[in-house]
Amino acid sequence: MIVGPSRRTVLSGALAALAVPRVREEGPGRPNIIVVLADDLGWGEVGFQGQQTIRTPTLDRLAAEGVRFEAGYSGAPLCAPSRCALLTGLHAGHGTVRENPEGGQQLSLTDVDLTFAELAQLSGYRTACIGKWGFGPERPGQPSHPNERGFEEFFGYIDHRHAHQYYPAYLWRDGEKIWLGRKSYAPDLLRDEAIGFLRRPSKRPFLLYFSTILPHSPSVVPGDAGPYQDLPFSRANRRHAAQVARLDADVAALVRALRDSGRAGNTILLFTSDNGPHSEKGVTPELIDANGPFRGDKRDLYEGGIRVPMIAWSPRLRPRVVAEPAAFWDVLPTVADLIGAPVPAGTDGRSLRGLLTGGDHEGHDALVWNRPRKVQAIRQGRWKALRFAPGIAGAPPEGRVELYDLADDPGEQNDLSATWPAFTGSLLSLLDRSIGPDPRLPYGLRTLVDGGRLTVTLHNGSSVPWQDVRLSYEPAKGLRVGDPARVTLAPGSSTGAVFLMPGGSGRVWAHFRTGTRKHAFRRGVFVGDLR
């Protein structure tokens with residue numbers, strides 16, 4: 001059902017005189033965006049944060065030339081909920097996916113899960129997800145598939161566990177399985193696919209989400225461990241070091257392709273990791289101080305499990321080190337801000353644009369992490385509280401709470417909860433208020449094709465009015481036709497129109513403005529579409 005101030009049936013023949021002129025595909029100055037996500041790379045496994053054993057020259061150079069976040073935080077201490085936070089702008093107290101499969105039922109993304117890729121796609125960007133998606137089911141055409149969540153192109157793993165295979169039997173290209181016969185090293189295929197995407201000529205700006213599986217366990221590399229073969233470590237640890245080095249080399253290849261394409265000057269690259277270092281299948285993170293000075297690793301809500309490498313690089317940015325905490329759920333509002341889309345309301349993030357440029361920035365009152373039925377954490381300023389469920393990490397039947405002063409005790413060794421019980425209780429009360437149902441509003445363009453009728457609905461899911469809204473339909477062959485009405489959409493409201501679509505494909509448009517800024521959302525449609 002269409003709700004809002006307008007609902008009209010528009011006949012393409014009758015309104016040919018109202019054809020809307022085509023707009024430019026790429027607005028001036030909008031940056032290309034690359035998000036590189038490592039898998040289980042610890043805060044201390046990179047040279048720019050003190051790593052002495054493994055060389056990461058490319059990442060070190062990008063950190064020196066770009067913006068380094070000293071307090072960069074993942075969305076969770078393990079894969080799926082962390083990636084959900086990155087993509088959707090919600091922490092794990094609000095997001096759809098709050099568990100990994102081994103922690104209980106891992107939910108899939110749904111139609112209401114707006115991702116940063118959908119924002120970019122609506123705004124005319126060419127979008128691709130290459131690598132590990134991490135949300136099942138392994139089936140095309142369902143709401144949790146990357147093609148349905150804003151990525152025009154997808155190559156890689158859909159399922160969480162499938163991504164543990166370095167020599168897989170198959171990978172997915174969009175909705176089709178590509179059979180490999182377990183003969184190809186997947187990280188190399190993913191890297192080459194990303195390079196091809198970057199080199200492909202296009203007038204449209206792009207967003208690339210490169211989600212490598214390096215250096216997740218098992219410690220698999222082609223051949224031996226290269227320069228780390230003679231380290232006095234176990235086979236698993238030597239090859240883990242080689243995995244981190246290959247990750248650095250893959251980032252170097254992406255940057256080289258970016259420069260070769262002539263697009264580096266108008267591109268922002270964000271590099272980070274989904275959680276802290278793993279200790280799986282024989283890997284010993286303590287050997288190389290993989291978590292730096294922090295306590296804990298993957299699966300822990302101590303700093304070592306959630307404090308991750310985070311850098312933003314672009315020739316457009318001046319080098320700086322940022323002490324202000326930044327978290328995965330800040331990425332979606334940052335992308336919206338950079339590409340000029342209205343920032344969705346109800347997310348937990350804050351745009352990092354001011355921290356990237358040295359301008360104004362609205363920080364967080366608190367950062368929240370949630371592992372249902374296990375452990376929760378909240379950071380407010382220098383203070384961090386943790387709450388363990390009964391039986392988790394040695395907690396007694398009544399559970400356990402801890403309080404740390406991260407300014408004086410970044411290694412979380414001195415529990416102050418008994419010294420400051422009232423303050424600890426106030427932090428936990430804020431934590432409780434921060435966990436609940438999804439607070440977002442419906443956002444963007446939705447289409448439904450039924451019997452030659454195309455129904456278009458535009459949802460204002462931002463916090464500001466959308467003015468002079470116009471909806472139109474542009475068939476693949478023929479003139480664009482539009483609804484002549486111009487309406488204003490208040491936050492949380494919707495408007496719609498119905499067009500005749502006798503066959504084939506086309507594109508729907510929504511033109512509007514917020515203040516003096518003009519916006520143009522677009523979405524491709526075809527007969528049988530339901531989005």
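The legends below describe close-up views of a predicted model.

**View 1. The domains of the chain.** In this predicted model, the domain assignment divides the chain into domain 1, covering residues 32–361, domain 2, covering 373–434, and domain 3, covering 444–527. The C-alpha centres of domain 1 and domain 3 are 33 Å apart, and the contact between these two domains draws on 12 residues from domain 1 and 15 residues from domain 3.

**View 2. The area buried between domain 1 and domain 3.** The size of an interface is often expressed as the accessible area that is lost when the parts come together. Domain 1 and domain 3 bury about 970 Å² between them, and 55% of this area lies on carbon and sulfur atoms. On the side of domain 1, the residues that lose the most area to domain 3 are Leu-122, Gly-340 and Pro-342, which together account for 55% of what that side buries.

**View 3. Polar contacts and residue types at the interface of domain 1 and domain 3.** Between domain 1 and domain 3 there are zero salt bridges, while three residue pairs are in polar contact across the interface. The side of domain 1 that touches domain 3 is made up of six nonpolar, four polar and two charged residues.

**View 4. The aromatic pair of Tyr-443 and Trp-466.** The model holds 21 aromatic pairs. In the pair of Tyr-443 and Trp-466, the ring centres lie 5.6 Å apart and the planes meet at 85°, which is over 60 degrees, so the pair counts as edge-to-face. Tyr-443 sits in the loop between helix 9 (421–433) and strand 18 (444–450), whereas Trp-466 belongs to strand 20 (residues 466–475), so that the pair links distant parts of the chain, 23 residues apart.

Methods. Residues numbered from 1 in each chain as written. Predicted model: local features only at pLDDT ≥ 70, side-chain atom pairs only at ≥ 80, totals over all residues. Heavy atoms only, no water. Domains from an automatic or database assignment. Contact = heavy atoms within 4.5 Å. Buried area = accessible area lost by both parts, 1.4 Å probe. Salt bridge = Lys/Arg side-chain N within 4 Å of Asp/Glu carboxyl O. Polar contact = N/O pair within 3.5 Å; in protein donor to acceptor, adjacent residues only side chain to side chain. Nonpolar A, V, L, I, M, F, W, Y, C, P; charged D, E, K, R; others polar. Phe/Tyr/Trp six-rings, centres within 6.5 Å; stacked < 30°, edge-to-face > 60°. Helix = DSSP H or I, 4+ residues; strand = E, 2+ residues; numbered from the N terminus.
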